[in-house]
Each structure stands twice: as C-alpha cells, then as structure tokens.
Amino acid sequence: MTATSAGAPHASEAVAVAAERRWAIIVVLIVALLLVMIIFTGLHWASMPPSRVETIDPRKLHLEGEFVENNLGTTVASDGKVTVRLIAQQYSFEPQCLVVPAGVPVTFRATSTDAIHGFVIDRTNANVMLVPGFVATFTATFDKAGERLMPCHEYCGTGHEAMWGRVQVMAADEFLTRAKGGERMSCVPR
C-alpha cells in the first residue's frame, strides 16, 4: 500500500479543495459587495430623495397655491403650453371632466387630498398614482378627438367604484378658439 492510498491527500484532491475555497471566497465577496451597495443606495435615497419629487401640504390645497379651486382645469400659457391641474379626493376628481386638445402635448399636474388614488386615461399610456403630499407630473399627447374615460385605479374606500372622470379631446383649432378667453377650461359648467 502506498502513502496516497493509505489516507494522505492526493495531489488532485488538494487542487480541487483549493479551487472550491477560491470560489467560496469569490461568492462571499460578491454577496458582501451587493449588501454594501444596497445599504449605500438606501442611505443615499433616504438622505437625498430624487430631484423630481415635488411636495405639497394636502391640508392647504384648497386654500393656497396652484391647486385652489379656481385654478383647476385646463389652461394655455402665453407660450402655448397646455397644462391640466386636478385633485383626486374621496370619491371624485376635481374637475370631473377635463378638456384637452388633440395632437398637442398636455402636461398633467395632479395630487390627492386624502388617500392614495390614481387614474388611467383609456386609449393612452397615461397612468399615474396620486399620493397625498406629492404632486404627480406627466405629459401626454392625445392622437384624435373624442371622449376618454378616466377611472380611479387605486382602491380608495367604499365609494371607489364610482370614482370616474372624463377627458374630452377636441380638435386643436377648436380648443384654441375656446381657450382664447384665458379662463380655466372644464367640460363641467361652473
């Protein structure tokens, strides 16, 4: 009987053990690096939120700032940009019907007063979540005239199923003629 067969490690076994040890160390280092990255990212986001986050006091929405009642609806700025401002609250959108032009980029600015809401505008990619204390902003272009439904898609309480709005898309020239008065526009009479 030789020394290798009597219990002493064979040369190939020592190579395999060394290779397994190297791979175990590499795996431990990768896991440690991932944990460090997760901790760093979490601390970074906690101390410095993204720059596009815009906050607002939901208790004062109706009293001051851009979301007071007479400032809601669709408006055209002097540079031609179209902006829609709206508020979601249990169990309605204010205004309930929005007027927008076809073929023109429309910027939506919206928030919630009381609970998490959201809306999706059918036949578009507009889909947003409204969180109290934060202003959601997105831009959408409506390809053709017609009426679109705008349901709340975040469960907000027992009246959630009745929380619907409408978006009335008009031909751009008709919209601009109607917008010349400078007032906020909505398809709900004030």
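Tutor: Contact means that heavy atoms lie within 4.5 Å. The model is predicted, and local features need pLDDT of at least 70, side-chain atom pairs count only at pLDDT 80 or more, and totals for chains, interfaces and linings use all residues. Residues are numbered from 1 along each chain as its sequence is written, and side-chain values use heavy atoms, with hydrogens and water left out.

Student: Leaving aside neighbours within four places in sequence, which residues is Thr-113 in contact with?

Tutor: Helices (H or I, at least four residues) and strands (E, at least two) are DSSP runs numbered from the N terminus. Thr-113 sits in the loop between strand E5 (105-112) and strand E6 (117-120). Its C-alpha is 8.8 Å from that of Asp-57, at 56 residues' separation in sequence. Beyond four places in sequence, the contacts of Thr-113 are Pro-58, Leu-61, His-62, Ile-87, Ala-88 and Gln-89.

Student: Which residue of E8 is the bridge partner of Phe-108?

Tutor: Two strands pair if DSSP finds at least two bridges between them. E5 and E8 run antiparallel and are joined by six bridges. Strand E8 (residues 136-141) has an uncovered face of Thr-137, Thr-139 and Thr-141, and a covered face of Ala-136, Phe-138 and Ala-140. The partner of Phe-108 in E8 is Phe-138.

Student: Is Phe-67 buried or exposed?

Tutor: Buried means under 20% relative accessible area, exposed over 50%, and partly exposed in between (1.4 Å probe, protein chains only). Phe-67 belongs to the loop between H1 and strand E1 (73-76). Among its contacts beyond four places in sequence are Ile-56, Leu-72, Arg-109 and Val-135. With a relative accessible area of 0%, Phe-67 is buried.

Student: Which residue meets Arg-109 in a salt bridge at 2.5 Å, N to O?

Tutor: A salt bridge is a side-chain nitrogen of Lys or Arg within 4 Å of a carboxyl oxygen of Asp or Glu, and the structure holds six. One of them ties together parts 43 residues apart in sequence, because Arg-109 lies in strand E5 and its partner Glu-66 in the loop between H1 and E1. Both residues of this pair, Arg-109 and Glu-66, are buried. The residue that meets Arg-109 at 2.5 Å is Glu-66.

Student: How far apart are the closest N and O atoms of Asp-143 and Arg-148?

Tutor: Asp-143 is exposed, at 61% relative accessible area, whereas Arg-148 is buried, at 2%. The two form a salt bridge, with a closest N to O distance of 3.1 Å.

Student: Where does Arg-166, the salt-bridge partner of Glu-147, lie?

Tutor: The side chains of Glu-147 and Arg-166 meet at 2.8 Å, N to O. Glu-147 is partly exposed at 38% relative accessibility, and Arg-166 is partly exposed at 32%. Glu-147 lies in strand E9 (residues 146-151), so the pair ties together parts 19 residues apart in sequence, with Arg-166 in strand E10 (residues 164-170).

Student: How many disulfides does the count come to?

Tutor: A disulfide is a pair of cysteine sulfur atoms within 2.5 Å. Cys-152 is buried at 6% relative accessibility, and Cys-156 is buried with a relative accessible area of 6%. The cysteine sulfur closest to that of Cys-152 is in Cys-156, 4.1 Å away, and therefore too far for a bond. By this rule the number of disulfides is zero.
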